[in-house]
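Hi,

Here is the structure we discussed. Please look it over, then read the notes below it.

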Amino acid sequence: MFGAENFCAVITFTKTTGQTRTLLPVVADYLLWYAKDRERAKFRQLYERKALGGEGATEYFNVELPGGESRKLTDEELANPGLLPKGAKIFATDSIVSDGFSGENSADIELEHGGRKFVLSCGPKRHWKVGVEGVKKLWAMGRLMRREGLRIYKRYFEDFPFVPFTSVWADTRGETDMDYVVQTSRKVIERCLLMTTDPGDLVLDPTCGSGTTAYVAEQWGRRWITIDTSRVPLALVRQRLLTATFPYYEVHSGSAGVSPAVSGVSPETSASASSAGTPKTATGTVALPNNPANGFVYRRRQNARGEEIGGIVPHITLKSVANNEPPEEEVLVDSPEVVKGVVRVTGPFGVEATIPTPVDFEADGVEDSRAKTPEEFQSHLERMLEALRRSPVLHLPGNQTVTFRNVRQPAKSLSLHAEAEVVAQVSHLLYRRLPSRLGVRTARRVWKPAIQQTRKSALRAWPPSSSARKTAR
């Protein structure tokens, strides 16, 4: 269909830890990646964090102690780097030469340390990667091993504590909580989408199945279309999307509409959002942009131990060190900024067919709407509410759930789809509809007992009085 010239890669991913077979166990599946035009294919490099002895980190078996002395790591230190003294730096050695003669940049270099003289020679068919002066700078900075040779550059583990993904994904597993007989791991679909699309792009899955593609696309701000010939998978994915919740990723402000302000944002978050160009309301609360096509926001952040935990990570290289240049920055596309205290639910979506289709709410193959003619079918919104009544459990992050009762349309409201009561609580959970492609809806204001039973940062308490509710809007 696409032609051999548009072949991109074969990706091998593990699907189970082992299968009993007469012959060799089969534990992997394969992804064939083709592009419509390979020269114009979109690609976003994905990274995983390095682990000592793991992929991309098998050569890190040296350590530089706080006093400047270097030695090999012991087996105990390799297994548990926490045994090293504070300030110790794990490193691998790397070459400081490249192939090809280059005149003055191939000259011998005389250096001195501790009263000893060293002569570095790259030979007649190589040259110094950073030139003669660059090598001298690296020596003065302590970035070179104090010995003669060519593989003497110290590449610290923390220079870039990540390694790019290749075409072999050994950290994936088959889906453990399957809703459908054939269900691909969410992690595999997620990597495919993050690697080949941007927020706002359109994703097509012509074999819906359990709806994992639609679920992942919704989570990461991609538009989606999914197709199936059977009503059962469509009923499954509808329920899956109606009961799903996602993190609210911070989005760059743009010409698209802006959602209502979210109150209760901490000063640190407000300052950060303000510096990124996020608009504010007249009361000073942060107004969240809601068009993912404008792009997610990524920032560099470190924890108390100085480890990189943000979506932007500096990539220190031999060249940047030798030339005293700021390091390049890599964007971790799977680590956008998350707005705390806000939960996003699935935006508006439609289910279409070539003819009016009966509704199978229970996904058991039995038609449940009891409609005999197309005119007797309920509206799309009423059918969605009925599906929520029959599957009233809302899944929250951290394996938390909330169960609804008395799901209904509000008597007087132009901005709400539904209201309901939380089981064992007498308070209302309201979803506010926002003018957005992504269909962001913010769950807000539930009574304190409900917050204690669910994740505190997931739901915001809503004022019980009608006057306070009007003010909060």
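**Thr226 and its surroundings**

The side chain of Thr226 lies 3.4 Å from the backbone oxygen of Asp205. That is a polar contact (a pair of N or O atoms within 3.5 Å; within protein, one must be able to donate a hydrogen and the other to accept it, and residues adjacent in sequence count only if both atoms are side-chain atoms). This is a predicted model, in which local features need pLDDT of at least 70 and side-chain atom pairs count only at pLDDT 80 or more, while totals for chains, interfaces and linings use all residues. Residues are numbered from 1 along each chain as its sequence is written, and side-chain values use heavy atoms, with hydrogens and water left out.

Thr226 belongs to strand E15 (residues 223-226). Helices (H or I, at least four residues) and strands (E, at least two) are DSSP runs, numbered from the N terminus. Thr226 counts as buried because its relative accessibility is 16%. The classes are buried (under 20% relative accessible area), exposed (over 50%) and partly exposed (in between), with a 1.4 Å probe and protein chains only. Leaving out residues up to four places away in sequence, Thr226 touches Asp205, Cys208 and Ala214. Contact here means heavy atoms within 4.5 Å.

**Whole chain**

The chain has 473 residues, and 41% of them are buried. Its secondary structure comes to 10 helices and 26 strands. Of the contacts with a separation of 6 or more, 57% are between residues 24 or more positions apart.

**Helix H4 and its cover**

Eight of the eight residues of H4 are buried, so the helix is largely enclosed by the rest of the structure. Ala214 is one of these buried residues, as are Thr212 and Gln219. The cover over the buried residues includes H3, E14, E15, helix H5 (231-242), strand E16 (245-249) and strand E21 (338-345). After H4 comes Gly221, with a positive phi near 70°.

E16 is itself mostly covered, with four of its five residues buried. E16 pairs with E21 in the antiparallel sense over four bridges. Two strands pair if DSSP finds at least two bridges between them. Phe246 stands opposite Arg344 in E21.

**Largest pocket**

The largest pocket holds about 1,300 Å³ of space. Of its 34 lining residues, Leu32, Cys192, Leu193, Val203 and Leu204 are the closest to its centre. The elements that give two or more residues to the lining are strand E2 (28-34), helix H3 (186-196), strand E14 (202-205) and helix H4 (212-219). H3 gives the largest share, five residues.

A pocket is an open set of points on a 1 Å grid over the protein atoms alone, where a 1.4 Å probe fits, with protein on both sides within 12 Å along at least five of seven lines; lining residues have an atom within 4 Å of a point. Grid points are joined across faces, edges and corners, and the volume is the space filled by probe spheres set on the points.

The lining divides into 20 nonpolar, 10 polar and four charged residues. Ala, Val, Leu, Ile, Met, Phe, Trp, Tyr, Cys and Pro count as nonpolar, Asp, Glu, Lys and Arg as charged, and the others, Gly among them, as polar.

**Strand pairing**

E2 also sits in an open sheet of three strands, ordered E2-E1-E13, with mixed pairing. E2 and strand E13 (168-169) are the edge strands, each pairing on one side only. Strand E1 (residues 7-14) and E2 run antiparallel and are joined by seven bridges. Phe13 has Asp29 in E2 as its bridge partner.

Strands E8 (residues 109-113) and E9 (residues 116-120) pair in the antiparallel sense over five bridges. They form a hairpin with two residues between them, and Gly114 in the turn has a positive phi of about 60°. Glu110 has Val119 in E9 as its bridge partner.

**Two asparagines to check**

Most residues other than glycine have a negative phi. Asn324 is not a glycine, yet its phi is positive, about 55°. Asn324 lies in the loop between helix H7 (318-322) and strand E20 (328-331). With 71% relative accessibility, Asn324 counts as exposed.

Asn406 also has a positive phi of about 55° without being a glycine. Asn406 is in strand E23 (residues 400-408). Its relative accessible area of 46% makes Asn406 partly exposed.

Best wishes
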